[in-house]
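Please read it alongside the model.

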Amino acid sequence: KQCLKKCIFNMKKILITGGSGTLVKGFIEKYYNKFEFYNYSRNEEKQSDLKRDFPNINNIIGSVEDSHTLNITYSKINPDIVIHCAAMKHINIAEENSIECCKINIIGSINIIESSIEYGVPITIGISSDKSCDPSGVYGQSKYLMERCFVEANSDKFKFACCRFANITFSNGSVLPFWLKLKKENKPLKLTEPKMNRLFFSIKETSEILNKSINICENNEGGFILTKKVKSVNMMDLAKYISDNIEIVGPRLGEKLNETLITVKELDKTFLIEDDYIIIKKENNISGNKLKKELNSLNSEKMNSDDIKKMLE
């Protein structure tokens with residue numbers, strides 16, 4: 001018992017904003033016994049579900065837009081690491097609610113930066129999206145600004161970094177559970193555009209990238225964006241693998257045919273490091289080969305039928 005108490009006492013504390021989402025739940029599950037987790041979010045139902053899955057989780061009700069409650073939370077917990085995942089994530093909703101999107105994704109992110117500095121948090125990681133690359137919509141622009149703010153906030157004393165992901169398999173709002181549900185109900189799969197290609201990250205990959213970013217910051221490196229090479233899939237091929245009953249409904253507001261993970265403009269500061277990790281950093285002090293071409297869902301390696309089967313499983 002004394003050994004267990006000592007182990008728990010020595011655990012680093014991680015404060016996660018929006019910690020009841022699929023992405024971070026995968027990270028919590030993988031590192032449940034390594035860290036002491038605190039979830040700061042505003043959905044009571046999802047917090048209850050998270051508590052059932054992970055009894056040792058500490059839930060706090062709050063919004064990242066509310067700097068007062070955020071500061072109180074920081075002062076009480078005194079976290080060693082902050083993972084900022086809370087955001088408005090749906091493209092079409094962000095397009096129709098620009099002000100609210102900016103409040104959450106931009107002002108909320110700045111609140112996190114200011115609180116982390118004010119309360120001396122050594123490492124703060126922001127969760128970003130491929131939509132931040134060459135953004136054309138409100139959501140993408142908000143994530144682009146979030147990345148810029150986090151990289152700018154980095155210092156010798158306080159490390160800030162971002163993880164950039166694309167579509168995450170079976171996350172909240174993902175097309176995969178939606179399509180499988182329609183298939184089960186014998187309804188047509190709703191596909192926006194047959195020529196659309198998308199990059200997919202597994203929950204395992206997102207957890208590994210997030211943990212890798214923490215490890216890099218612990219080695220006194222910050223001010224970077226971290227991602228990984230993943231395969232893409234044509235959405236018509238994916239739909240056909242699930243069902244022959246497909247209905248074309250047209251692109252949603254702000255949706256593109258292809259998504260970009262690394263833009264041409266970023267190539268001069270983008271490096272490949274171990275195990276296909278990709279790091280974007282202003283300073284050329286990274287040991288690794290530079291990425292030679294833009295990485296997007298059109299030119300990346302394509303999933304075959306075995307890859308699609310594995311993803312669905």
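Thr 17 counts as buried, at 0% relative accessibility (buried means under 20% relative accessible area, exposed over 50%, partly exposed in between, with a 1.4 Å probe and protein chains only). The model is predicted: local features need pLDDT of at least 70, side-chain atom pairs count only at pLDDT 80 or more, and totals for chains, interfaces and linings use all residues. Residues are numbered from 1 along each chain as its sequence is written, and side-chain values use heavy atoms, with hydrogens and water left out.

- Thr 17 lies in strand S1 (residues 12-17); strands (E, at least two residues) and helices (H or I, at least four) are DSSP runs, numbered from the N terminus.
- The Thr 17 side chain makes a polar contact with the side chain of His 84, at 2.8 Å (a pair of N or O atoms within 3.5 Å; within protein, one must be able to donate a hydrogen and the other to accept it, and residues adjacent in sequence count only if both atoms are side-chain atoms).
- Not counting residues up to four places away in sequence, Thr 17 touches Tyr 40, Val 64, Ile 83, His 84, Cys 85, Ala 86 and Ile 112 (contact means heavy atoms within 4.5 Å).
- Thr 270 sits in strand S14 (residues 270-273) and is also buried, with a relative accessible area of 0%.

**Helix packing**

- The axes of H6 (residues 98-118) and H7 (residues 138-153) come within 10 Å and cross at roughly 10 degrees (axes are lines fitted to C-alpha atoms, for helices over the stretch in contact, and angles run from 0 to 180 degrees between N-to-C directions).
- That makes H6 roughly parallel to H7 (under 35 degrees; over 145 is roughly antiparallel, 65 to 115 roughly perpendicular and the rest oblique).
- The residues of the H6 contact with H7 divide into twelve nonpolar, four polar and no charged (Ala, Val, Leu, Ile, Met, Phe, Trp, Tyr, Cys and Pro count as nonpolar, Asp, Glu, Lys and Arg as charged, and the others, Gly among them, as polar).
- H2 (residues 22-30) and H9 (residues 203-218) have axes that come within 9 Å and cross at roughly 70 degrees.
- H2 and H9 are therefore roughly perpendicular to each other.
- The H2 contact with H9 has five nonpolar, five polar and two charged residues.

**Nonpolar cores**

- The largest nonpolar core has 72 residues, of which Phe 27, Ile 28, Phe 37 and Ile 83 touch the most other members (a core is a set of buried Ala, Val, Leu, Ile, Met, Phe, Trp, Tyr and Cys residues joined through side-chain atoms within 4.5 Å).
- H7 gives the most to this core, with six residues.
- Another core, of 17 residues, lies apart from it and includes Leu 182, Leu 189, Met 235 and Ala 239.
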